[in-house]
Amino acid sequence: LYYQFHRLANVYFVVVAIIACTPLWDGKWESKIITVLSILLAQALKDAYEDLKRARDDREENTRRAVHYNHDEHAFLELPWKSCNVGDLLLV
């Protein structure tokens with residue numbers, strides 16, 4: 001929910017919904033609240049889907065094999081990408 005308010009449009013809709021709950025706004029406030037909640041829910045679900053997809057893609061990429069030079073054995077060995085560090089010698 002915290003990340004949803006980093007979008008300026010969401011802040012605007014919440015402010016409108018708050019004003020709609022005051023006597024300054026004539027009319028029904030329920031429709032404005034439902035609209036704001038549905039927008040926030042839709043964006044939260046979209047963000048959750050993207051995060052899950054990104055995590056799956058990262059996990060898949062990190063388990064791929066890379067050819068890494070082992071200084072102790074003086075040979076290239078296959079290791080998962082997640083075992084590679086900055087400065088390692090890789091065969092591309």
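Where is the place of His-74? His-74 sits in the loop between β1 and β2. The points below start with the basis of the model and then go through its parts.

1. Basis. This is a predicted model, in which local features need pLDDT of at least 70 and side-chain atom pairs count only at pLDDT 80 or more, while totals for chains, interfaces and linings use all residues. Residues are numbered from 1 along each chain as its sequence is written, and side-chain values use heavy atoms, with hydrogens and water left out.

2. The loop between β1 and β2. Strand β1 covers 65-70 and strand β2 covers 75-80. Strands here are DSSP runs of E, at least two residues long; helices are runs of H or I, at least four residues long; both are numbered from the N terminus. His-74 has a positive phi of about 55 degrees, although it is not a glycine. Most residues other than glycine have a negative phi. His-74 counts as exposed because its relative accessibility is 61%. Buried means under 20% relative accessible area, exposed means over 50%, and partly exposed lies in between, using a 1.4 Å probe and protein chains only. Glu-73 lies in the loop between β1 and β2 too. Its relative accessible area is 52%, so Glu-73 is exposed. Glu-73 and Val-92 are 19 residues apart along the chain, and their C-alpha atoms are separated by 19 Å.

3. Helix α1, length and sides. Helix α1 runs over residues 8-20. Its 13 residues should span 18 Å at 1.5 Å a residue, and the end C-alpha atoms are 18 Å apart, which agrees. The expected span is 1.5 Å times one less than the number of residues. Which residues are buried in α1? They are Asn-10, Val-16, Ala-17 and Ala-20. These residues lie on the same side of α1 because they cover an arc of only 125 degrees around the axis. The arc is that of the directions from the helix axis to the C-beta atoms. The face turned away from this buried side carries the exposed residues Leu-8, Tyr-12 and Ile-18. An α-helix has 3.6 residues a turn, so residues three or four places apart point the same way.

4. A nonpolar surface patch. Leu-8, Val-11, Val-15, Ile-19 and Leu-24 form a nonpolar patch on the surface. Together they have about 490 Å² of accessible area. Areas come from the Shrake-Rupley method with a 1.4 Å probe, and for residues only the protein chains shown count as cover. Patches are made of residues with over 30% relative accessible area and no salt bridge; like charges are joined within 9 Å, and nonpolar side chains (Val, Leu, Ile, Met, Phe, Trp, Tyr) within 5 Å. Val-11 belongs to helix α1. Val-11 counts as partly exposed because its relative accessibility is 32%.

5. Helix α2 spans 30-62. Its 33 residues should span 48 Å at 1.5 Å a residue; the end C-alpha atoms are 47 Å apart, which agrees. Val-36, Leu-40 and Asp-47 are buried in α2. What do the buried residues of α2 pack against? They pack against α1. In turn, what covers the buried residues of α1 includes α2. Contact means heavy atoms within 4.5 Å.

6. Salt bridges. How many salt bridges does the structure hold? There are seven. A salt bridge is a side-chain nitrogen of Lys or Arg within 4 Å of a carboxyl oxygen of Asp or Glu. One of them links Glu-61 and Arg-64, with the closest N and O atoms 3.2 Å apart. Both partners are partly exposed: Glu-61 at 36% relative accessibility, and Arg-64 with a relative accessible area of 46%. Elsewhere, salt bridges that share partners join Lys-46, Asp-47 and Glu-50 into one network. Lys-46 pairs with Asp-47, the closest N and O atoms being 3.5 Å apart. Lys-46 pairs with Glu-50 as well, at 3.7 Å between the closest N and O atoms. Lys-46 and Glu-50 both lie in α2, four residues apart, about one turn of the helix. Asp-47 counts as buried because its relative accessibility is 17%. Lys-46, at 40%, counts as partly exposed, and Glu-50, at 36%, counts as partly exposed.

7. The segment before α1. His-6 has its place here. Its relative accessible area is 53%, so His-6 is exposed. His-6 and Val-67 are 61 residues apart in sequence and 42 Å apart in space, C-alpha to C-alpha.
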